[in-house]
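Please look over the sequence and the structure below before reading on.

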Amino acid sequence: MHATLATTQPAELPFVQPQTQGPSLSLRHAHIPFHADDRLLLLYGHPFVFRLGLYAAGERVLSGEPIVYLDGAHTFDQLFMGRMARAHRRQPRAFLSMIHVARAFTCQQLERLISECLMSALDRYQSRMAILSGLFDTLYEHAVPEHEAMRLFGRMMEASHKLAQHGSTLLFLCPQTPMLTRASRRCLDQLRGQADRVIRVGEEQGVVKLHEETAKTGQEWEIPRTALDLP
């Protein structure tokens, strides 16, 4: 069993040793204020969370910071990121070299990446932020017994909290499919309860809507669907 690490330059897996500090994050199209002390962030709901995650990664790279991207849903789009680089007059190769992608194909692989590899990866690449795409996608498998799914999720969350305590920021991208298993539904509810910021993403008549669940004001943002596409 293995997970692959894909960058434009060779790198090894497992990654290696810890220590980081937290960045600020902004989603340019929605002007959502994220702050350095927001350590565990959750975008969930519509599959557009994956596109928003790519923009979030691009924003960090444009500001000069490398990103670690754990891809459990196989949604990292290298061509899209290359277009983003060109739109900002950056060389795609140099741009992509700052995004370090590790792919997982099972929940066991994803748990290993988060629990055993992520802290050292953040240290190796001098990154202060990790994006975790499709945390629950591998848990949707009915072949995974509920008790095993809950055990793995518990380990992933324990590791995530340790990373947050070390100053790292984790952005979880979790679409909510209609076929949630009982275990994955419980896990999503737990993550919503533990995250520092929770934003639900939806779409209506060509408008992507983001609703802040953790703020008392229940603030909302709207983005035209077309604004999330690049030429």
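Is D77 buried, partly exposed or exposed? D77 is partly exposed, because its relative accessible area is 28%, where buried means under 20% relative accessible area, exposed means over 50%, and partly exposed lies in between, for a 1.4 Å probe and protein chains only. This is a predicted model, in which local features need pLDDT of at least 70 and side-chain atom pairs count only at pLDDT 80 or more, while totals for chains, interfaces and linings use all residues. Residues are numbered from 1 along each chain as its sequence is written, and side-chain values use heavy atoms, with hydrogens and water left out.

D77 sits in the loop between β5 and α2 (78-87), and its C-alpha lies 9.5 Å from that of F50, although the two residues are 27 apart in sequence. The loop between β5 and α2 also holds H74, which is partly exposed with a relative accessible area of 41%. H74 has a positive phi of about 55° although it is not a glycine. Most residues other than glycine have a negative phi. Q205, which is not a glycine either, has a positive phi of about 50°; this residue lies in the loop between β9 (197-204) and β10 (207-212), and it is exposed, with a relative accessible area of 78%.

Turning to the whole chain, the protein has six helices and eleven strands, these being DSSP runs numbered from the N terminus (H or I of at least four residues for helices, E of at least two for strands). Of its 231 residues, 53% count as buried. Among contacts with a separation of 6 or more, 75% join residues 24 or more positions apart, contact meaning heavy atoms within 4.5 Å.

Helix α5 (residues 146-165) packs against helix α4 (residues 107-124) at an angle of about 10°, with the axes 9 Å apart. That makes α4 roughly parallel to α5, a term for angles under 35 degrees, taken from 0 to 180 degrees between the N-to-C directions of axes fitted to C-alpha atoms over the stretch in contact. Residues of α4 including L110, I114, L118 and L122 meet residues of α5 including L152, M156, A159 and L163. By class, this contact of α4 with α5 has ten nonpolar, three polar and five charged residues, where Ala, Val, Leu, Ile, Met, Phe, Trp, Tyr, Cys and Pro count as nonpolar, Asp, Glu, Lys and Arg as charged, and the others, Gly among them, as polar.

Helix α5 also packs with α6, their axes coming within 9 Å and crossing at roughly 20°. That makes α5 roughly parallel to α6. Among the residues in contact are A149, M150 and F153 of α5 and A183, C187 and L191 of α6, and the contact of α5 with α6 divides into seven nonpolar, three polar and three charged residues.

What lies in the largest nonpolar core? A nonpolar core is a set of buried Ala, Val, Leu, Ile, Met, Phe, Trp, Tyr and Cys residues joined through side-chain atoms within 4.5 Å, and of the 40 residues in the largest one, L42, L135, F136, F172 and L191 touch the most other members. Elements giving two or more residues to this core include β4 (40-45), β8 (169-175) and α6 (182-194), while the largest share, nine residues, comes from α5. Not counting residues up to four places away in sequence, L42 touches F172, C174, L188 and L191, among others. Apart from this core lies another, of 37 residues, among them L43, F95, L210 and L228.

How values were computed: Parallel < 35°, antiparallel > 145°, perpendicular 65-115°, else oblique.
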